[in-house]
Amino acid sequence: MPDETHTPQAGAEADTAATPAQAPRETGTSNLLMGAGIGAYGTASFVATGAICPVCIVLTPVLLGAGAYQRLKSRRAKAGGTA
């Protein structure tokens with residue numbers, strides 16, 4: 001016999017799912033914010049200790065570039081251009 005208490009939770013998951021048109025822009029924004037945060041952390045650690053984490057050097061431009069690309073692709077798709 002299924003438990004009725006889990007039914008609203010399944011409905012809540014469906015409500016929070018992003019539509020395909022929103023997903024690239026939201027992902028692009030989060031990548032830009034993560035890249036900026038990691039870059040700020042790397043800068044602060046360099047100022048404080050004189051050394052920077054190699055992961056920060058790699059991830060900052062990767063996340064910033066990926067986020068910018070996804071946002072640009074989303075804007076082109078909204079404008080009717082080819083993405």
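Mentor: We start with a term: helices (H or I, at least four residues) and strands (E, at least two) are DSSP runs, numbered from the N terminus. Please keep in mind that this is a predicted model, in which local features need pLDDT of at least 70 and side-chain atom pairs count only at pLDDT 80 or more, while totals for chains, interfaces and linings use all residues. Residues are numbered from 1 along each chain as its sequence is written, and side-chain values use heavy atoms, with hydrogens and water left out.

Trainee: Let's move on to Gly 28, then: where is it found?
Mentor: Gly 28 is found in helix 2, and it counts as buried because its relative accessibility is 0%. Buried means under 20% relative accessible area, exposed means over 50%, and partly exposed is in between, with a 1.4 Å probe and protein chains only.

Trainee: Which residues is Gly 28 in contact with?
Mentor: If we leave aside neighbours within four places in sequence, Gly 28 is in contact with Gly 67, Gln 70 and Arg 71. Gly 67 and Arg 71 are also among the buried residues of helix 3, together with Cys 56, Thr 60, Leu 63 and Ser 74. From C-alpha to C-alpha, Gly 28 and Ala 66 are 6.9 Å apart in space, although they are 38 residues apart in sequence.

Trainee: What about Ser 45, buried or exposed?
Mentor: Ser 45 counts as buried, because its relative accessibility is 16%. Its place is in helix 2 (residues 23–49), and, not counting residues up to four places away in sequence, Ser 45 touches Gly 50, Ala 51 and Ile 52.

Trainee: And where does Ile 52 lie?
Mentor: Ile 52 lies in the loop between helix 2 and helix 3, and it is partly exposed, because its relative accessible area is 38%. Its contacts, once neighbours within four places in sequence are left aside, are Gly 42, Ser 45, Phe 46 and Ile 57.

Trainee: New topic: which residues form the nonpolar patch on the surface?
Mentor: The patch is formed by Phe 46, Val 47, Ile 52, Ile 57, Val 58 and Val 62, with about 570 Å² of accessible area together. Patches are made of residues with over 30% relative accessible area and no salt bridge, where like charges are joined within 9 Å and nonpolar side chains (Val, Leu, Ile, Met, Phe, Trp, Tyr) within 5 Å. A salt bridge is a side-chain nitrogen of Lys or Arg within 4 Å of a carboxyl oxygen of Asp or Glu, and accessible areas come from the Shrake-Rupley method with a 1.4 Å probe, where for residues only the protein chains shown count as cover.

Trainee: Which element gives the largest share of the patch?
Mentor: Helix 3 does, with three residues, and helix 2 and helix 3 (54–79) each supply at least two. Val 62 lies in helix 3 and counts as partly exposed, because its relative accessibility is 47%.

Methods. Contact = heavy atoms within 4.5 Å.
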